[in-house]
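Hi,

Here is the structure I promised to pass on to you. Have a look at it first, and then read my notes below.

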Amino acid sequence: MNMKNKQLKRIIFSILLLWGGLIYGQTVTGVVSDVSGPLPGVNIIVKGTTNGTQTDFDGNYTLEDVDPNAIIIYSYVGYKTQEVAVDGRSTIDVTLAEDAAKLDEVIVIGYGSTTRKDATGAVDVVSADDFNKGVTTSPDQLLQGRSAGVQVTTSSGEPGAGATIRIRGSSSVRSGNDPLYVIDGVPFNNDTNSPGTNTGNIAGESSAKNPLNFINSNDIESISILKDASATAIYGSRAANGVVIITTKSGKRGDGKINYSFTATTSAVTREYDLLNASQYASANSGANAGGSVDAFDEISRNALTTEHNLSYSGGSESGKYRVSLGLLNQEGVIENTGLDKYTFNTNISQKFFDNKLEISAALTASQIESEATALSESIGAEGDLMTSALKWNPTQSFFNGDGTFVQPSDNQRNPLAFLEYFDDNSETTKLFGNVKATLRFTDYLKYQFTYGFDKTSTYRGIAVSRLFNTNTVLGRGYANTTNNRFTNQLFTNTLSFNKDVTEDLNIDAVIGHSYEEYRGSGESLTLRDFDFDDQAFYLQNIFAAGTVERNDRASLSYDPVGRLVGFVPISLQSFFARGIFNYQSKYIFTATVRADGSSRFGENNKYGYFPSFALAWKIHEEGFLPESISELKFRAGWGQTGNQQFNAEAAREVFVPQDGGGVTRLNIGNPDLKWETTTQLNFGFDFGFNDGKLSGSIDYFRKNTNDLLFRLPVSQPGPVGSFSWANFDDEIINSGIEIGLNYKAISEEDFSLEFGGNISFLNNEINGKEAFTQFGTSTGSAAGQGLSGENLQLLYDGQPLYAFYLPVFTGFDSSGAATYADTNGDGVVDTNFDQPGGQSDRAFVGDPNPDMNIGLYLRASYKNWDMSINGYGAYGHEVYNNTANALFNASALNRGENVITSVVNNGEDPGSSPIISTRFLESGDFFRLSNASIGYTIDTEKLGKVGEYLSSARLFLTGQNLFIITPYSGFDPEVNTNKSVSGVPSFGIEYSGYPRARSFSFGVNLNF
């Protein structure tokens, strides 16, 4: 009996153990991944216990003794932590999402990195998740509206068009205002882009393409924007306008993974001018052709198709990582005969040797861009280019004669379809850009790194105009022009880095280094005329068929005073730099930086410039006296000096050029005291967060003073006629403002998340004239169009913002239809001719093209497998000059038989009057644009059957770009910047013969294998 009881107890006990194990101790397995594949080293723990593990090399994990009702927490640096309910499941696969808002996010800074929580300077990081969605041709398009104080203005809607990027305003007159770009640790030279053109009165001048087009946006991991001097001073004489650091993607530990994405996009013109149609024109003009009806703008525009393919293979191990990618972009423009084909190859590889003491890495981007353009000009006069010819084409006039040839009324009334048929403009840019690095770790806290960076670029642009095109000039006998440029840039950098907890409370992170950079450029152009055949496509292929050939060689060459060639003169920059970051008790952080730059651009007496900076941060929330609801409060303060050397490379030298008849003439008179422009910047800021970062943000105040401004001045007699000299002046340009950024994570659940926020910045820009701007103003912003040649729209003057509009004030039309203007100087006589302030002219400062306020807004949400993002941005408190309307849309144009906008009809203007520049065509540039909205769905690969076995993830998405714009501006788009510079002095905020922007819709798929 006892024996039976014992056996029964054993059976019952075994059943209870088994049942208890099933209830209280089940095993959970699974795989943790991100969008690129499995993640090794993910921390996994049962909530409220110490029961935890980590994923292995392939992202697999096993967690034992898990309560069926438990919650498992998955966490990994740089990713959002997830809490998942077990609900009795034995297999749980998790996909982690990157978290760009993490306080411990690594921020790439000059020659090193820090974390967001330890940053002392004003630095923004925009990660791939935060980029603007849709088709992009250059990285700047990813940033529009994404960072406070950063204004990105694309010159037009043309594929590959250049862009103007301003970080905390413009600070220079003759030197550049573009930021320094650093790509994978290598500074990028903006000059290595496709050449602009000047075809005289056939199509005027056109600008070069965006130099950043060579980068595939799909290869970018993150973009860091260094704003204040304490962050940028490590780059010295090139950092006055801020620094943009682009980091491309690299491999991650794990098995090799394949990613493929495809996007198809359709685009159409967003906004058009309100032109007269044929019946309206016939009612307004007695010279109309009865019964005729055409739409010239509709003929030159189209619905455009763009396709994009991206393929990458990446992976890695404990000792090395790799990523290789290919990209293909075929983009049609919404104007006929325009588009862009881009082919890119990118690779990032790294390998460690000798027990991880030595690491060798390499990054390479190779690209080829083939662009097709048409006759669009920044400077064409009465003759007209494609756009102005289409806008003013008589809508009752046929494009063709009875025999099928083009109607070509005159050189001032060009047929837009003849432009499309008889004008070719093609360019090609090939680039190799990259670096090789060797890093030697002496100890855990001391390492040496050598970097060799390179940029090799060749560009070609060919333009041809058939002799069939009626121009009434020598170009009418057939014309072609070819331009070839070659650029080489090499960088050698050595750094020694130290990072150690020297005491229990103090960490020192320091770097010292030396770099040497050399840039060379050369090129040549051919101008060809007088061809015996009609097809312009063959002009560039048959150079020797031209009756006239003109050659122009351009290089970094130097001549002595008697005209003997003394060889190449490379542009070189040698630098020494150091930075120390002292972190005490993880509360008090002090950063000191200094850089010495020696540049061949500087005069003999000022070869080296010195650029110091200091910054501190205080983590107030670590002191313990703040409420628990305040999870972060950090105060930052910084001061520093940076330089600007984006001026003519030969400005400090004696420059002689050969004369056709022999000998030389002096073009530039050297100045041995010439030096860089210096920007001194002060910054105060707070970073804050509430409720564990649910609400977070920052606020910054800055003030930038730029002095030692560079000017190019004509040499007075008895100097050589046409000679110039460069000099520094004591005048200042002052930028000051406030930047605010806010982010709110409204909902953060497993199946539903909602986050929104934005940024806003306020900017004041002013010239403080002490010397040049009080003696004379500098005019720029040349107007174009019939009767407008020689007129400038903007004046740089004491007490005014850069590029202030200086115009006659239009008051209306009198009873005879003559335009009337204000007597601004009160002398009883109205004089609209240009004169300096205080003179006889009745011109006034009437507008500012620099926005007072820029805003950016975003919203991101996800629900189960669905995700959505919306981005918008805008600018307010500025003006845009509509040079297109000034040149084309007036009563005299209608009287000449040209088309106009509807508001011109019966506006009271005398048909015999001549247009002049005035406030009549100065318009508000205020706008808000819904730049992009995207919705995506991640497919459950388990439901795809056999196909799903090969996929780790699959996502479908639909994206709209430039969905709407709210603006009072009457032109194509207020966000425009046509190059209207005068004698090298840039302009801003002028629109002329612009390429319209497109509204686009994209459908795509992203697959991971």
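Asp-184 sits in the loop that links strand S14 (180–183) to strand S15 (186–188); strands here are DSSP runs of E with at least two residues, and helices are runs of H or I with at least four, both numbered from the N terminus. Although Asp-184 is not a glycine, its phi is positive, at about 50 degrees. Asp-184 counts as buried because its relative accessibility is 15% (buried is under 20% relative accessible area, exposed over 50%, partly exposed in between, with a 1.4 Å probe and protein chains only).

Before you go further, please keep in mind that this is a predicted model, where local features need pLDDT of at least 70 and side-chain atom pairs count only at pLDDT 80 or more, while totals for chains, interfaces and linings use all residues. Residues are numbered from 1 along each chain as its sequence is written, and side-chain values use heavy atoms, leaving out hydrogens and water.

Asp-692 also has a positive phi without being a glycine, near 55 degrees. Its loop lies between S38 and S39, and Asp-692 is exposed, because its relative accessible area is 77%.

Strand S38 (677–690), strand S39 (695–707) and strand S34 (608–619) each supply at least two of its residues, and S38 gives the most, with three. The patch covers about 980 Å², and its members include Phe-582, Trp-639, Leu-682, Tyr-701 and Phe-762. Patches join residues with over 30% relative accessible area and no salt bridge: nonpolar side chains (Val, Leu, Ile, Met, Phe, Trp, Tyr) within 5 Å, like charges within 9 Å. A salt bridge is a side-chain nitrogen of Lys or Arg within 4 Å of a carboxyl oxygen of Asp or Glu, and areas come from the Shrake-Rupley method with a 1.4 Å probe, where only the protein chains shown count as cover for residues. Leu-682 belongs to S38 and is partly exposed, because its relative accessibility is 33%.

Finally, take a look at Thr-29, in strand S1 (residues 26–34). Thr-29 is partly exposed, because its relative accessible area is 28%. Asn-60 is 31 residues from Thr-29 in sequence, yet their C-alpha atoms are 7.4 Å apart. Leaving aside residues up to four places away in sequence, Thr-29 touches Tyr-61, Thr-62, Ser-90, Thr-91 and Ile-92 (contact means heavy atoms within 4.5 Å).

Best wishes
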